[in-house]
Amino acid sequence: MTEHINLNNPEIMSAKDAAARWGKAPDYVRSALRARPERFPEGTVRLFGRQLVVTREGMEAVTGHKEITPND
């Protein structure tokens, strides 16, 4: 049986969207990955062609904090 991955899951996002959701510069994820790829847990960041995709877990690991929400 193959695993179903829901690409509509908000836990999966483009690097640019993730940077905005964490209050970082648009190129933050790409720069962080280039400088210290070991900071991202395995399977939390991936390049699809030219599109970098990251999970919430990856962003929390690399930034050290949870997503910034309107109530913060």
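Me: Where does the largest share of the lining of the largest pocket come from?
Reply: From S2, with three residues. A pocket is an open set of points on a 1 Å grid over the protein atoms alone where a 1.4 Å probe fits, with protein on both sides within 12 Å along at least five of seven lines, and lining residues have an atom within 4 Å of a point. Strands are DSSP runs of E, at least two residues, and helices are runs of H or I, at least four, numbered from the N terminus.

Me: Is this experimental or predicted?
Reply: It is a predicted model, where local features need pLDDT of at least 70 and side-chain atom pairs 80 or more, while totals for chains, interfaces and linings use all residues. Numbering runs from 1 along each chain as its sequence is written, and side-chain values use heavy atoms, without hydrogens or water.

Me: Which strands each supply at least two residues of that lining?
Reply: S1 (12–14), S2 and S3. Among the lining residues are Ile 12, Met 13, Val 45, Arg 46, Phe 48, Val 53 and Thr 55.

Me: How do S1 and S3 pair?
Reply: Antiparallel, over three bridges; pairing takes at least two DSSP bridges. Ile 12 has Thr 55 as its bridge partner in S3.

Me: And S2 with S3?
Reply: Also antiparallel, over four bridges, with Phe 48 bridged to Gln 51. Their hairpin has two residues between the strands, and Gly 49 has a positive phi near 65 degrees.

Me: How many S3 residues are buried?
Reply: Four of its five, buried being under 20% relative accessible area with a 1.4 Å probe, protein chains only.

Me: Switching to H2, which residues are buried there?
Reply: Tyr 28, Val 29 and Ala 32. They lie on the same side of H2, because their arc around the axis is only 95 degrees, taken from the directions from the helix axis to the C-beta atoms.

How values were computed
Buried < 20%, exposed > 50% of the residue type's maximum accessible area, 1.4 Å probe, protein only.
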